[in-house]
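Dear colleague,

I am passing on the structure below, and my notes on what was found in it follow.

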Amino acid sequence: MLEKLCELNNIRLTKEQIKKFNTYKELLKKWGKRINITSILDDEGIETKHFFDSIVGIKAFKKAGIELKGKEIADVGSGGGFPGIPLAIMVPESRFTLIEPRHKRVVFLEQVKRALNLSNVEIVGKRVEEISNKKFDILTMRAVEDPEDAAKITKRFLDEGAVLCIYRGKEPFKENLKGLNIRNINLELKGVNFSRHFLFITKGDRYGNKN
């Protein structure tokens with residue numbers, strides 16, 4: 001399913017990447033029965049709603065004119081590793097810090113890192129507000145109810161020039177955030193019955209004007 005969806009949407013997967021995604025899927029199914037990582041534990045659901053959904057962020061970044069390669073990227077509230085781990089598999093040239101405060105999920109993420117041999121991934125068992133010794137180029141967040149809260153907890157990094165990318169499933173964000181620039185990127189995807197919306201938040205005009 002994942003290979004087919006990627007092919008339909010002009011995303012290339014290598015054999016090694018496919019192997020890593022298969023290993024990741026089996027770990028999710030195994031651990032998901034023991035701890036609350038995700039309610040989606042069937043093969044098609046994992047490949048479509050977690051893996052593919054995470055990967056298409058690459059297309060959104062490209063559409064926004066933001067280079068992913070060679071960057072320091074933080075996945076905030078990583079949970080089961082989405083979108084951080086799929087992006088780390090797809091963009092090995094960048095370094096990913098998965099920020100997750102819940103201990104059981106940190107243990108799971110460490111296991112995934114080892115099993116997939118992801119040398120470009122670091123797991124940090126803290127809240128993003130507690131991190132003071134790192135600087136990031138890009139922040140990703142998924143399943144965010146309130147973008148304003150997301151901007152507040154990542155303010156220090158936005159002030160330092162980072163761009164925050166929020167994966168949104170329902171509709172574009174139509175409000176304003178004081179002192180911040182907002183750009184909505186919408187993707188119409190082939191092979192699935194959902195659209196994907198991405199909200200890019202920056203301080204200043206680093207990645208273009210609000211539109």
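Phenylalanine 82 lies in the loop between β1 and α5, where helices (H or I, at least four residues) and strands (E, at least two) are DSSP runs numbered from the N terminus. Please note that this is a predicted model, in which local features need pLDDT of at least 70 and side-chain atom pairs count only at pLDDT 80 or more, while totals for chains, interfaces and linings use all residues. Residues are numbered from 1 along each chain as its sequence is written, and side-chain values use heavy atoms, with hydrogens and water left out.

With a relative accessible area of 6%, phenylalanine 82 is buried (buried means under 20% relative accessible area, exposed over 50%, partly exposed in between, with a 1.4 Å probe and protein chains only). Leaving aside neighbours within four places in sequence, phenylalanine 82 is in contact with residues including Tyr24, His50, Asp75 and Arg142, contact meaning heavy atoms within 4.5 Å.

Glycine 77 is also placed in the loop between β1 (72-76) and α5 (84-90), but it counts as partly exposed, at 40% relative accessibility. Beyond its neighbours within four places in sequence, glycine 77 is in contact with Ile99 and Glu100.

Elsewhere, strand β7 (residues 196-202) is mostly covered, seven of its seven residues being buried. Strand β7 pairs in the antiparallel sense with β6 (residues 181-187) over seven bridges and with β5 (residues 163-168) over five bridges, where two strands pair if DSSP finds at least two bridges between them. Arginine 196 in β7 is the bridge partner of leucine 187, and histidine 197 in β7 stands opposite arginine 168.

Best regards
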